[in-house]
Amino acid sequence: MWLRDGGRCQWPVASGGICGSTTRVEFDHIVPLARGGSSTVGGLRLLCRRHNFIHAEQTYGREHMARFVSRAGLSERPEGNGSTLAGMGGGEAEATGPTFEGATEFT
Ligand SMILES: [Zn+2]
C-alpha cells in the first residue's frame, strides 16, 4: 500500500498528476468510515496533511470543520464558568462569615 503509492500524497492537482508530497503523509479514507467507507487498502490512499485536511473539509463541509475550531473556543467557556462558579461559591462562603459577624456588630 505505502509502496504502491510511493509514500507520496495522492491528491490530484489541477496541473495534472498528483501532489506527490512526502511531507507528513497520512492514510486517508477515500470514503469516510462514517459514510460506509472501508479500511481496506482499496479504501485508503495517502495524502499529505494539508490535503488530508482539505479532503475532510470537502467531505464534512466547512461548517463541520469550523465546529472543531469553535469547539476549541467552547472548551475555554466551561473553564471560565467553573472558575466563576468556584469564585462565587468561595466568595459566598467567605462573605457569609464576615457579613454575619458584621451584622452582629451592627446589632
Ligand atoms: Zn498533498
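Two residues are counted as in contact if their C-beta atoms, placed from the backbone, lie within 7 Å. The structure is a predicted model; local features need pLDDT of at least 70, side-chain atom pairs count only at pLDDT 80 or more, and totals for chains, interfaces and linings use all residues. Residues are numbered from 1 along each chain as its sequence is written.

The protein chain contains three helices and two strands. Helices (H or I, at least four residues) and strands (E, at least two) are DSSP runs, numbered from the N terminus. The elements follow the order β-β-α-α-α from the N terminus on. Among contacts between residues at least 6 apart in sequence, 37% join residues at least 24 apart.

Confidence was examined next. pLDDT is the predictor's confidence in each residue, from 0 to 100. The protein chain has a mean pLDDT of 71, with 54% of its residues at 70 or more. Confidence is highest in β2, at 89, and lowest in helix α3 (residues 76–106), at a mean of 50. The pLDDT is below 50 over residues 75–87, and this stretch has zero contacts in the model beyond near neighbours in sequence.

Of the 107 residues of the protein chain, 10% are buried. A nonpolar core is a set of buried Ala, Val, Leu, Ile, Met, Phe, Trp, Tyr and Cys residues joined through C-beta atoms within 7 Å. The largest such core has six residues: Cys 9, Trp 11, Val 25, Leu 46, Leu 47 and Cys 48. Strand β2 (residues 44–48) supplies the largest share, three residues.

Cys 48 belongs to this core. With residues up to four places away in sequence left out, Cys 48 touches Cys 9, Cys 19, Ser 21, Thr 23, Arg 24 and Val 25. Arg 24 sits in the segment before β1 (25–29). Arg 24 has a positive phi of about 50 degrees, although it is not a glycine. It is exposed, with 11 other C-beta atoms within 10 Å.

Helix α1 (residues 49–60) has 12 residues. Its first and last C-alpha atoms are 16 Å apart, close to the expected 16 Å. The expected span is 1.5 Å times one less than the number of residues. Just after α1, Gly 61 takes a positive phi of about 90 degrees.

Technical notes. Buried ≥ 20, exposed ≤ 12 C-beta atoms within 10 Å, placed from the backbone.
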